[in-house]
Amino acid sequence: MSVCSNLTLERSQQALDKIRGNFDTENERLEIVTPDRYTEVFEILKHHFVPDEPLCRTFGVQWEQEFQDLATDVLGKNCSLCMIFKLSNEMMGIRLISYMHCADPPSNYDHMKYEELRELLRFLSCKNKEVDFFRRYEVEEAIQFFTLGVNKKFRQRGLGSRLLEAAVALGKELGFKAVKGEATSNFSQRIYQNAKFECILDMLYDEYTFRGKKLSESTGEHKMTKVFGLKL
């Protein structure tokens with residue numbers, strides 16, 4: 001049976017209960033993101049992800065309705081994670097998680113009106129055919145990471161790495177056999193590399209342009225997007 005076709009919040013919660021002992025601490029609690037906490041996710045994305053993300057800066061992406069709609073769609077897949085600070089019940093960080101199936105149609109963002117976000121997403125997906133993820137990992141479906149955001153007041157605690165590790169463990173517990181993710185900054189690339197992901201492809205920023213300028217002109221120390229994969 002396909003994992004993708006039967007992924008309810010209840011099923012994800014059951015999987016989380018089996019792995020949470022490896023990730024909960026005295027002060028922190030791992031949770032599946034439920035609809036009552038979507039607003040908190042949006043606040044982290046708006047204030048603690050978009051302003052710091054290299055490609056958001058390069059493409060001029062701001063927190064707009066289409067971005068929120070996209071995040072809502074991912075959250076509706078019922079397997080995104082967050083870390084909660086127990087004392088205040090505050091959301092510390094998020095790992096938005098989607099999934100994909102080999103029968104899915106190719107990514108198409110032509111319907112999007114927000115040009116900056118549309119072109120950013122087109123950039124991230126332009127090498128999907130070359131990556132050929134399903135054949136490479138001999139799977140029909142896989143977990144796909146969307147965004148990772150950590151509230152600035154809770155940074156320098158290793159939350160990014162722990163949320164990625166928890167997402168991998170959750171995907172495995174749910175029955176997925178592979179994970180795919182894109183890392184656009186040096187920071188996120190180190191997290192993937194430390195978790196023993198395979199780097200499938202480098203997308204150098206000085207080889208791509210937006211509005212006549214190379215992406216590398218405004219990405220600073222970040223020189224490329226790396227596409228990563230992991231067989232579970």
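Let me start with a definition: by contact I mean heavy atoms within 4.5 Å. Hi everyone, and thanks for coming.

What we have is a predicted model, where local features need pLDDT of at least 70, side-chain atom pairs count only at pLDDT 80 or more, and totals for chains, interfaces and linings use all residues. Residues are numbered from 1 along each chain as its sequence is written, and side-chain values use heavy atoms, with hydrogens and water left out.

Let's begin with R20, which sits in the loop between α1 and β1; helices (H or I, at least four residues) and strands (E, at least two) are DSSP runs, numbered from the N terminus. Leaving aside residues up to four places away in sequence, R20 touches Q13, R29 and L30. Is R20 buried or exposed? Its relative accessible area is 19%, so R20 is buried (under 20%, with exposed over 50% and partly exposed in between; 1.4 Å probe, protein chains only).

Now L30: it faces M83 in β2. Strands β1 and β2 (residues 81–85) run antiparallel, joined by five bridges; two strands pair if DSSP finds at least two bridges between them. They belong to an open sheet of seven strands, ordered β1-β2-β3-β4-β5-β9-β6, with mixed pairing. β1 (28–32) and β6 (198–204) are the edges, each with a single partner strand, so one side of each has no neighbour in the sheet.

Finally, α1. Which residues of α1 meet α8? They are R11, S12, A15, L16, K18 and I19, and on the α8 side we find A166, A169, L170, E173 and L174. Thanks, everyone!
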